[in-house]
Amino acid sequence: MQAVFTTLAEQPLLLLFGVLGVGAVIGRISVRGISLGAAAVLFSAIGVTAWADSSGITVEIPEVVGFLGLAVFAFVTGITSGPNFFHTLRTAWPVMLAVAAVLVAGAATAVGLGRTLGLGAETIAGTFAGALTNTPALAAAGGTPAATVGYAVSYLFGVLGMLALTTLALRFSATDTDAPAPVVDVTLRVDTEAQPTVAELRSRHGGQLLFSRIRREETGPAESVPDDTVLHAGDVITVVGPTTEIETLTAELGHRSSHDLMLDRSHLDFRRMTVSDPRLAGRTVGQLGLETRFQATVARVRRGDVDMVATPDLVVQMGDRVRVVAPTSRMNEVTRYFGDSARGLSDINPAAFGLGLLVGLLIGEIPIPVPGGATFSIGAAAGTLIVGLIMGRIGRIGRVVTALPYTASMVLSEFGLLVFLAYAGTKAGSLITDAFTSGDVVAIFILGLATTLVVGAGTFAVLRWGFHSGGTRLAGILGGTQTQPALLAYANGRTGHDPRVALGYALVYPTAMVVKILLAQVLGGL
């Protein structure tokens, strides 16, 4: 193996892709329905590096490669979470405070137990950073040999312990009450004599419904439904929306009709088409102007595997699949308007991608002063995540599209994550052999285990029973609290990239990152 390790030391790209390939194979191994997924790349890298180190050969992936992967992963996670993040932020600030409080409790545990075990301040600070798998916190603690040993010994359980809690959280996902209701199309017959307008009904149901077709007479043609349409008893109308709102509307208007207006395509037709024209990306459904241009409407937007009601304020992204209802004679015009090309799925929008990463990396390096004259920076991951969240929410600035297609985002996120996990594994693996020669290794391990459990179990308990978070969202919050991409990858793999996982992760990640860095500085200075 000496020759193999020597080659890997001289050719870090071989090491990178070798670890990716082996880790991916191991990650697919399932035991009782549980597999490590992308997290296996991390452990494979740790194993290979520790094995090589025991043979006296140092193999590692260059730091710039690892940071590139982390920056890409964080930025794209922000892009995909941005549209929902700021909507949720208004009601989620108590969650962020709760996560900060749990992290402070973890730091207090580290200080109290660490001193009882006879460990120094630098070792305690490094162990705290490793138990919460946060490299910027290690740098904030001083990055001394003592801190590095504490970080290396506690890091592995910091991942494994949180993986176990994430698995437990996902076991509760079957009973989630925060899951979005499925979007359905139904045809209703109006019985009420109240004569409401479509605009009134949309407002009454929080803008979650879309009315796509109406037939006034029993033998009349299906027509489009402007907002000022007044509904009369005997009208038959097709409505798109979440099942919960549809059920309420049905009781309010009348009953489900045995007629399906979607079967009558003589005057109005419907078709799914891909948004591939960059001029439309980043605009809201209302700004598309379909009703004015073509007497058409968008009924649904499918992003990835998720169907959404095409409300007027929904921002359309490149690669979205839209279901359009339009006059049969104008459907080809509408198709040309959207582009309907597969290239919309894979366009990575290089301008937004490059400039967004540039701004995020610069923000991550800005020194932030703290009492006592010291400074800290939030790092590349937090900086690019924040910029990604903002760009994903904005969608467009003038003619510049700031978002990326969902499919391209998933590919970039996965690749960036795997590259970072491979780098993080080789970094940790190179330290483990030296760490276990330390005389304090048992005490450090106990301290790291306790810190991880206090933070992990505390976050789980507070969010699950204090805030009644569903298991799927809680899995993402645990990953964000730990600032550990491997946990996000694991949860995504188990849930099929449920958007609630990424949203929970992005919601608490910036808070957790800043609080950990500050606490590590305090611990290192005690």
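# Notebook: sheets, helix packing and positive phi

I began with the sheet made of four strands, which is open, has the order E5-E8-E6-E7 and is paired antiparallel. Its edge strands are E5 (268-274) and E7 (306-309), each of which pairs on one side only. Neighbouring strands here are turned by 25° against each other on average, direction ignored.

Notes on the source: this is a predicted model, in which local features need pLDDT of at least 70 and side-chain atom pairs count only at pLDDT 80 or more, while totals for chains, interfaces and linings use all residues. Residues are numbered from 1 along each chain as its sequence is written, and side-chain values use heavy atoms, with hydrogens and water left out.

Terms I used: helices (H or I, at least four residues) and strands (E, at least two) are DSSP runs numbered from the N terminus. Two strands pair if DSSP finds at least two bridges between them. Axes are lines fitted to C-alpha atoms, for helices over the stretch in contact, and angles run from 0 to 180 degrees between N-to-C directions.

**Entry 1**

I looked up the pairing of E6 (residues 297-303) with E8 (residues 321-327) and found five bridges in the antiparallel sense. Val-298 has Val-324 of E8 as its bridge partner. Helix H11 (residues 331-338) lies across E5, E6 and E8 and runs at about 20° to E5.

**Entry 1: the E2-E3-E1-E4 sheet**

I then took the open sheet of four strands with the order E2-E3-E1-E4, where the pairing is antiparallel. E2 and E4 (254-256) are its edge strands, each pairing on one side only. The twist averages 30° from one strand to the next. Helix H9 (residues 243-253) packs on this sheet and touches E1, E2, E3 and E4; its direction makes about 150° with that of E3.

E1 and E4 run antiparallel and are joined by three bridges. One pair I noted there is Val-190 with its bridge partner Gly-254 in E4.

E2 (residues 210-215) and E3 (residues 236-242) pair in the antiparallel sense over five bridges. Arg-215 stands opposite Val-236 in E3. I also checked cover: E2 has six of its six residues buried (under 20% relative accessible area; exposed is over 50%, partly exposed in between; 1.4 Å probe, protein chains only).

**Entry 2: H2 against H3**

I compared the axes of H2 (residues 12-27) and H3 (residues 39-54), which come within 8 Å and cross at roughly 125°. That makes H2 oblique to H3 (angles under 35 degrees count as roughly parallel, over 145 as roughly antiparallel, 65 to 115 as roughly perpendicular and the rest as oblique). The crossing is right-handed, the near helix being turned clockwise from the far one by less than a right angle.

On the H2 side, the contact (heavy atoms within 4.5 Å) includes Leu-15, Val-19 and Ile-26, and on the H3 side it includes Ala-40, Val-41 and Val-48. By class I listed 10 nonpolar, three polar and no charged residues. For these classes, Ala, Val, Leu, Ile, Met, Phe, Trp, Tyr, Cys and Pro count as nonpolar, Asp, Glu, Lys and Arg as charged, and the others, Gly among them, as polar.

H17 (residues 471-481) is mostly covered, with 11 of its 11 residues buried. H16 (residues 441-466) packs with H17 at an angle of about 145°, their axes 10 Å apart, and the crossing is right-handed. Among the residues making the contact are Thr-459 and Leu-463 of H16 and Leu-474 and Ile-477 of H17. The class count is six nonpolar, four polar and one charged.

I looked at Ile-477 of H17 separately. Ile-477 counts as buried because its relative accessibility is 0%. Leaving aside neighbours within four places in sequence, Ile-477 is in contact with Val-95, Thr-459, Leu-463, Ser-469, Gly-504, Tyr-505 and Val-508. Ile-477 and Leu-89 are 388 residues apart in sequence and 14 Å apart in space, C-alpha to C-alpha.

**Entry 3: positive phi**

Gln-195 has phi near 55° and lies in the loop between E1 (183-190) and H8 (198-204). Gln-195 counts as partly exposed, at 43% relative accessibility. Gln-295 also has phi near 55°, in the loop between H10 (290-294) and E6, and is partly exposed at 37%. Just after H17, Thr-483 takes a positive phi of about 45°.
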